[in-house]
Amino acid sequence: RTREVSRFEIVNIFLERIEKINPQINAYCTVAADAAVAAARRAEKALLEGLPPGPLHGLPVAIKDVTLTRGIRTTFGSTLYKDYVPEVDSLVVERLKEAGAIIIGKTNTPEFAAGGATYNDIFGPTSTPWNKNYNSGGSSGGSAAAVAAGLCALAGGNDLGGSLRIPASFCGSVGLRPSPGRIPVYPNDLNWDTMSLEGPMARSVADLALMLDVLSGPDRRSPVATLPKESSFFESVKERKKGSFKVAWSDNLNLTPVDDEVLKVARASIDMLQEMGWTVVEEAPDFSSLQETAAVLRGVRYAALYQEQLANPEFLEKVNPNIISNTRQGLALTSAEIARAEKHRSQLWQQMLDFYARYDLIITPTVPVKPFLVDTAYPTEINGKPMKSYIDWIMLTYAFSVTGLPAISVPCGWTQDGFPVGLQMAGKPAGER
C-alpha cells in the first residue's frame with residue numbers, strides 16, 4: 001500500500017527462493033511462475049489505476065495439489081491425473097484471488113490426500129525444512145514445508161484427520177482446522193461432508209487469521225457452510241485478550257502413546273500458560289468410542305468417493321493400496337455399524353458441549369511422534385507399542401475432526417535433534433476466535 005516494494009518484486013523474490021530451496025525439500029510439485037508474474041503485473045496496474053487493494057493484495061500464496069486451480073496443473077498426487085489442468089478454481093481459490101492473492105504454485109500431497117506423510121508416485125516425498133532426510137508430515141505437507149521455508153507468504157490445505165495440523169507440527173508452521181461451516185468447499189463430490197475441510201497455513205497466528213478472514217463466510221454452493229461472516233479474526237489477534245482462561249491438558253487423550261521427548265517439550269508449555277495466569281487442569285473427555293467411530297466414518301467416506309473406481313483395473317493397479325483398502329472396508333460395513341458410528345459421533349458432540357461448559361480450551365501435543373524418515377509411510381510403533389494401521393498414530397488430531405471442533409497447531413519448542421514440536425489447541429464450537 002505504501003509502494004515501498006512492488007508486487008512484481010515480491011513475486012520474483014519468492015520465485016528466486018523457490019528455485020534455490022525447493023529442490024532440497026520438494027514442497028512444490030508445480031511452480032506457476034509465468035502465471036504469478038502476469039498476476040503481479042495486473043495487481044500493480046490495478047494499484048496504479050487507483051483500485052482499492054484487497055487484504056492479500058500481491059501476496060504469493062501456495063495451493064495444495066488437491067485443490068482446483070484454473071489453468072494450473074492439479075494432479076491430486078495421482079498418476080491417473082498427472083496431466084490434468086482444471087478449467088475452474090475451487091471456491092477458496094476464488095476468494096484468495098478476489099482478495100488480491102497471487103497463486104504461485106501447487107504443493108505436494110500424498111495421493112488423494114490420504115495419509116499423514118507426504119509422498120506420491122509422481123513427485124516423490126516432501127521433507128521437513130529442518131532436515132531433508134525426514135518427512136514433512138501430511139497430507140498438507142507441501143504447504144506446511146513451503147510456509148516454514150519461506151517459499152510463500154501463506155498456503156492452503158485441507159484436513160480430514162489432521163492434515164493441516166500434523167505437517168504444521170512437523171515443519172514448525174501454524175495450521176488451523178476450522179469449524180465445519182466456517183469455510184465453504186466447492187466443487188465437492190460430497191457436498192454435505194463435515195469431515196474434510198479447507199483451511200489456512202501460515203508462519204504466525206496473525207498471518208493465519210488474516211487468511212481466515214478471506215476464506216470464511218457462507219456461500220450458497222455449499223449447503224454446510226452456514227456460519228456467518230465474523231468481524232475480523234486478524235483484529236482479534238491484535239487485541240490479545242487477557243484473562244484467566246481455564247484449559248484442560250491431556251498428554252494423550254487416552255488414545256495413543258506419545259514419544260517421551262515430544263511429550264516433554266509439549267508439557268513445558270503448561271508452565272508458560274500458568275505464568276500467563278491461565279488455570280491448567282489435567283483432564284480429558286471420554287474418547288473410548290473414537291477410534292471405532294473414526295474408522296467407520298472414514299470407510300463410509302472412501303466408499304462414497306471411490307467405490308465405482310474399484311471396477312477400473314488402472315485404478316487398482318496404480319492407486320495407493322491404503323485408499324483401496326479403506327474403500328473396501330467401507331463397502332463391507334453393515335448398516336448397524338454405520339448407525340452405531342453416527343450415534344457415537346452425536347454422543348461425543350454432546351459430551352464435548354458438557355466439557356466446554358467447564359473449560360475454554362483442550363490442549364494436547366499435536367502429533368505423538370517426531371518427524372520420521374522421508375521415505376516412511378507412518379510410524380509402525382510409538383514407545384514400543386505397535387501401530388495397527390496407517391491412521392492409528394493420528395488419533396490426537398482425529399479426535400477433534402470427529403467432534404467438529406476448531407483446532408490449531410502452533411509451534412511450542414524443539415527436540416534435542418532440532419525438530420519442531422507442535423501444540424494442539426482445540427476450541428469451543430465455532431470458537432476460532
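Is aspartate 360 buried, partly exposed or exposed?

1. A word on the model. This is a predicted model, in which local features need pLDDT of at least 70, side-chain atom pairs count only at pLDDT 80 or more, and totals for chains, interfaces and linings use all residues. Residues are numbered from 1 along each chain as its sequence is written, and side-chain values use heavy atoms, with hydrogens and water left out.

2. Start with the open sheet, where eleven strands follow the order 1-3-2-6-8-7-14-15-11-9-10 with mixed pairing. Strand 1 (28-31) and strand 10 are the edge strands, each pairing on one side only. On average, neighbouring strands of this sheet are turned by 30° against each other, direction ignored.

3. Strand 6. Now look at residues 154-159: six of the six residues of strand 6 are buried, so this strand is largely enclosed by the rest of the structure. Buried means under 20% relative accessible area, exposed means over 50%, and partly exposed lies in between (1.4 Å probe, protein chains only). In a regular strand the side chains alternate between the two faces of the sheet. Here Leu154, Gly156 and Asn158 point one way, while Ala155, Gly157 and Asp159 point the other way. Strand 6 pairs with strand 2 (residues 60-64) in the parallel sense over two bridges, and valine 61 has leucine 154 as its bridge partner. Strand 6 is also joined to strand 8 by five bridges, and these two run antiparallel. Alanine 155 stands opposite methionine 201 in strand 8, and alanine 62 stands opposite alanine 155.

4. The end with strands 9 and 10. Strand 9 (residues 246-249) and strand 10 (residues 279-282) run parallel and are joined by four bridges. You can find lysine 246 opposite threonine 279. Together with helix 8 (residues 260-275), these strands make a right-handed β-α-β unit. A crossover is right-handed if, with the strands pointing away from the viewer, the path from the first strand over the helix to the second runs clockwise.

5. Helices on strands and on each other. Helix 3 lies across strand 2, strand 3 (102-107) and strand 8, and runs at about 180° to strand 2. The axes of helix 3 (residues 91-98) and helix 6 (residues 205-215) come within 9 Å and cross at roughly 110°. Axes are lines fitted to C-alpha atoms, for helices over the stretch in contact, and angles run from 0 to 180 degrees between N-to-C directions. Helix 3 and helix 6 are therefore roughly perpendicular to each other; angles under 35 degrees count as roughly parallel, over 145 as roughly antiparallel, 65 to 115 as roughly perpendicular and the rest as oblique. Val92, Arg95 and Leu96 in helix 3 meet Met211, Val214 and Leu215 in helix 6. Contact means heavy atoms within 4.5 Å.

6. Salt bridges. The structure holds 21 salt bridges, each one a side-chain nitrogen of Lys or Arg within 4 Å of a carboxyl oxygen of Asp or Glu. One of them joins aspartate 193 to arginine 301, with the closest N and O atoms 3.0 Å apart. This pair links distant parts of the chain, 108 residues apart: aspartate 193 is in the loop between strand 7 and strand 8, and arginine 301 is in helix 9 (residues 290-306). Aspartate 193 is buried at 14% relative accessibility, and arginine 301 is buried at 16%. Another salt bridge joins aspartate 360 to lysine 428, the closest N and O atoms being 3.8 Å apart. As for the opening question, aspartate 360 is partly exposed, with a relative accessible area of 27%. Lysine 428 is partly exposed as well, at 33%.

7. Serine 196. This residue sits in the loop between strand 7 (174-177) and strand 8 (197-202). Serine 196 is buried, with a relative accessible area of 13%. Beyond its neighbours within four places in sequence, serine 196 is in contact with Asn158, Asp159, Leu160, Val185 and Arg301.

How values were computed
Pairing = 2+ DSSP bridges.
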